[in-house]
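Keep the sequence and the 3D view side by side.

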Amino acid sequence: MDGPAEMEPLLGELPLRFSRLPMFPFFDLAHYAVSVMSLKEQRGAVDVSCHSPIACWFSAMLYCFGGSILSSLMLAEPPVAFLANTTNVLLASSVWYLIFYCPHDLFYRYLSCLPIRLLISGMKEVTKTWKIMGGVMHAHSHYKNGWMVMIAVGWARGAGSGLISNFEQLVRGVWKPETNELLKMSYPVKVSLVGAVLFTMQATHYLPVAIHDLMLFYTVFLVVVKVAMMLTEFRTSPFAVFENAVGSFLFGFDPASVKAKGKAKISHNGGPSNSECTSGGEMGDGVKKRHAKKTE
């Protein structure tokens with residue numbers, strides 16, 4: 001009889017205890033590991049690590065500390081401030097070295113095992129909550145009523161590595177402007193924007209939820225969706241249905257026509273179009289006629 005009654009205070013304190021969870025060193029270590037693994041899985045990154053270790057290390061630091069760099073630039077603060085935390089930089093650098101240069105790729109192969117990768121990916125999602133919340137609070141200390149600044153800084157802190165991906169690619173000698181996240185946002189960038197909006201609404205008292213409750217609920221959503229996407233290999237954003245509905249209502253977005261155009265474009269680029277097939281057929285008939293005349 002006393003069991004459920006005793007559990008209620010513990011469950012009530014769970015969000016508060018969770019909000020006090022330290023990120024260093026284990027969660028930060030998981031964040032660095034997943035970030036550097038994502039870099040290594042980029043096309044050409046291994047070649048860069050062999051020919052230019054400095055460029056590879058700089059790219060890894062952009063993956064690990066991109067949010068801090070971008071948010072500092074937005075608030076006119078030194079973008080190299082993250083280097084002052086020598087312990088974190090050395091920890092990230094050690095992870096980078098082991099993932100890229102460990103003999104026989106043993107460290108990368110170990111982290112790539114599905115159970116280990118699920119664990120560190122889930123831990124990385126936890127750090128995303130802390131980064132977004134920290135960015136919003138930091139901007140709130142400078143701009144009390146600047147909710148757009150708070151959203152922007154929180155978004156940059158949580159998805160900085162994705163938002164500056166074009167600059168990171170330039171470090172590796174790659175220029176792909178079509179991969180700009182603002183043109184086609186990936187799920188991590190989208191969910192970071194949603195988180196920045198929620199934490200901003202909470203900070204400006206438009207969302208009547210305690211900060212520790214919001215941190216717990218948002219983190220649970222991040223971890224569950226991330227693990228589910230990894231287990232099912234489901235690449236479509238969970239917000240796709242909502243985006244299509246809102247886009248068609250506000251901006252006249254027609255998903256069916258866009259898909260049809262995409263298929264037509266693929267058909268035109270990947271194979272011959274109808275006109276090309278017709279012209280090719282006419283050319284074939286002409287060749288056959290000339291060949292018949294020569295035979296006669």
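Buried means under 20% relative accessible area, exposed means over 50%, and partly exposed lies in between (1.4 Å probe, protein chains only). The model is predicted, so local features need pLDDT of at least 70 and side-chain atom pairs count only at pLDDT 80 or more, while totals for chains, interfaces and linings use all residues. Residues are numbered from 1 along each chain as its sequence is written, and side-chain values use heavy atoms, leaving out hydrogens and water.

Side chains of opposite charge can pair when their charged atoms come close. A salt bridge here is a side-chain nitrogen of Lys or Arg within 4 Å of a carboxyl oxygen of Asp or Glu. The structure holds 6 of them.

Start in helix α1, residues 2-19. Helices are DSSP runs of H or I with at least four residues, numbered from the N terminus. R17 bridges to E13, with the closest N and O atoms 3.2 Å apart. Both sit in this helix, 4 residues apart, about one turn. R17 counts as exposed at 55% relative accessibility. E13 is partly exposed at 36%.

Move on to helix α7, residues 114-142. K128 pairs with E125, their closest N and O atoms being 3.7 Å apart. They are 3 residues apart, so about one helical turn separates them. K128 is buried at 6%. E125 is buried too, at 5%.

Which residue forms a salt bridge with K190? The partner is E243, with the closest N and O atoms 2.9 Å apart. E243 lies in helix α12 (residues 240-250) and K190 in helix α10 (residues 187-203), so the pair ties together parts 53 residues apart in sequence. E243 is partly exposed at 31%, whereas K190 is buried at 16%.

Methods. Helices (H or I, at least four residues) and strands (E, at least two) are DSSP runs, numbered from the N terminus.
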